[in-house]
Amino acid sequence: MKSENNWIDEVSLYVKTKSMDSDFIIPVPNKLKTFLISSSTLKYEISKISFTENELNSLSFSNNVLYTWTGPVTNVKNLTFLDLSSNYCSNVSKSFFSKDFINLENLQLQNNLLGLVMSTDSDGDIFQNLHNVGTVNLSNNKITNIPNLFFKKQYGLENLDLSENMIDDINFTVSHMKKLMVLNLRNNRISKLSKFAMDALDSVAKTNTNLTIDLGGNNLVCNCDSLSFIQWMIETPTRLNRRKKYKCKLSNDTIIFLCNPKEVYETLKKECMSYAGIIFGLTSGILMFIFILLGGIGYRYRWKLRYLYYMVKVKWHQTDNDSDNIDERLYMYDAFVSYADDDQTFVHNILLHKLEKIGGIQLCLHKRNFLPGNDIATNIASAIHNSRKTIVIMSSNYLASYWCMFEYNMARMESIYERNCENILFLIFYEQISACNLPLQILELVHCQSYIEYPNDEYGDVVFWEQLQRAVKS
């Protein structure tokens, strides 16, 4: 009977001469425990493979060029150790590890190119049948990201080696790995751990005091953004393997060793508090400047904005009949009279008689013509917009009235933005007012446009009304 060593040599020759791209069965002696075909220059895709009835507990195909693992591999129910390392493999199917791997405890997959295919396995299908695996070595596999549920079935995992990859954080779930003892993340691209990762590791470490994580050789940073991570290193029950040799880059690019993370944390905390104060002050100052600027712009154009607002309301509520009435600038009124209530005796007894009854001029008075139900501001804007002119009865009472000044400014906006700067304002000084008592916007109009003073003699009275009628009708 042939020895086991001689049999393995024959099987090696058999595998070399038979394509692994096709399905085939590998004969195995009944009592054989270890099957080793390493460094045999095999260069195949592993398709469907099955072993004859066997007691294999160790299988190694390391150091070959088995570049794709399609499978499934079956009849390996006694297998506890599998080594497929250093095979340049970049693709492993979701069915490769069949249900016959139920007793697999140690899986060696280091030195391959599995990073790309692993990042696409969002449901954890590749390892879904490896329920009892305790050790998984995935070091040096060009891994950049591991999906959240990739290890969802590995409840009994004790040793996970992810060193020598390009991982920047722990994005996969580990909180269910209550037996996890070693998580090797050496020589990756981790600058800090996220809150999700820190909380997950702490939840395991509370029940498993032997949990050790190795973060050596990573690009750890010590700045305000990583303050919570530095604090976690101080307080976590997770053991940090060789923590004193961890290097950390400060905000000024200085590299320090984390021999005393508590001291580093206290220093950073003070710096970040001062930065926070500066940032808060700058932010507040910028916001205040913006508010002041907007307030200044709003104040500068307050009457224009109010005029536009009320004109929109007027035109919104305007009916089709109203539109027909003002078509081709046929106004409803010849003039809107803006006056203070204290001067209404003059307006209703004299002005109304002279202009309407004698002059035939249709006037709009707020006491008589404003529509009930509309707010005052909308009525004012509508009356000015539907009148050819606006007559202002200027007096000290007028200057003291809020609504009178509102009417004046609305009329001024109407002349600028609706009538192409046409002079629609006509000022009547009902009483003598010193120039120093006039608001700037009224004084400006007095200097550049016509106005008339109410006379105190009979001859002047005749001329006054003639000029006023002519001005309104022009």
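These notebook entries record what I looked up in a predicted model.

**Entry 1: strand 19**

I began with strand 19, residues 333-338, and checked its burial: five of its six residues are buried. I then looked up its pairing partners. Strand 19 runs parallel to strand 21 (residues 387-394), and five bridges join the two. Within this pairing I found Ala335 opposite Lys389 of strand 21. Strand 19 also pairs with strand 20, again in the parallel sense, over two bridges. There I noted Phe336, whose bridge partner in strand 20 is Cys364.

**Entry 2: Ile361**

I next turned to Ile361, which lies in the loop between helix 8 (344-358) and strand 20 (363-364).

**Entry 3: helix 10 and helix 12**

Finally I examined helix 10 (residues 376-385) and helix 12 (residues 402-417), whose axes come within 10 Å and cross at roughly 40°. I therefore recorded the two helices as oblique to each other. The crossing of helix 10 past helix 12 is right-handed. On the helix 10 side, the contact is made by Ile376, Ala377, Ile380, Ile384 and His385. Helix 12 contributes Trp403, Phe406, Glu407, Met410, Ala411 and Glu414. I classed the residues of this contact as eight nonpolar, one polar and two charged.

Definitions and conventions. Residues are numbered from 1 along each chain as its sequence is written. This is a predicted model: local features need pLDDT of at least 70, side-chain atom pairs count only at pLDDT 80 or more; totals for chains, interfaces and linings use all residues. Side-chain values use heavy atoms; hydrogens and water are left out. Axes are lines fitted to C-alpha atoms, for helices over the stretch in contact, and angles run from 0 to 180 degrees between N-to-C directions. Helices (H or I, at least four residues) and strands (E, at least two) are DSSP runs, numbered from the N terminus. Angles under 35 degrees count as roughly parallel, over 145 as roughly antiparallel, 65 to 115 as roughly perpendicular and the rest as oblique. A crossing is left-handed if the near helix is turned anticlockwise from the far one by less than a right angle, and right-handed if clockwise. Contact means heavy atoms within 4.5 Å. Ala, Val, Leu, Ile, Met, Phe, Trp, Tyr, Cys and Pro count as nonpolar, Asp, Glu, Lys and Arg as charged, and the others, Gly among them, as polar. Buried means under 20% relative accessible area, exposed over 50%, partly exposed in between (1.4 Å probe, protein chains only). Two strands pair if DSSP finds at least two bridges between them.
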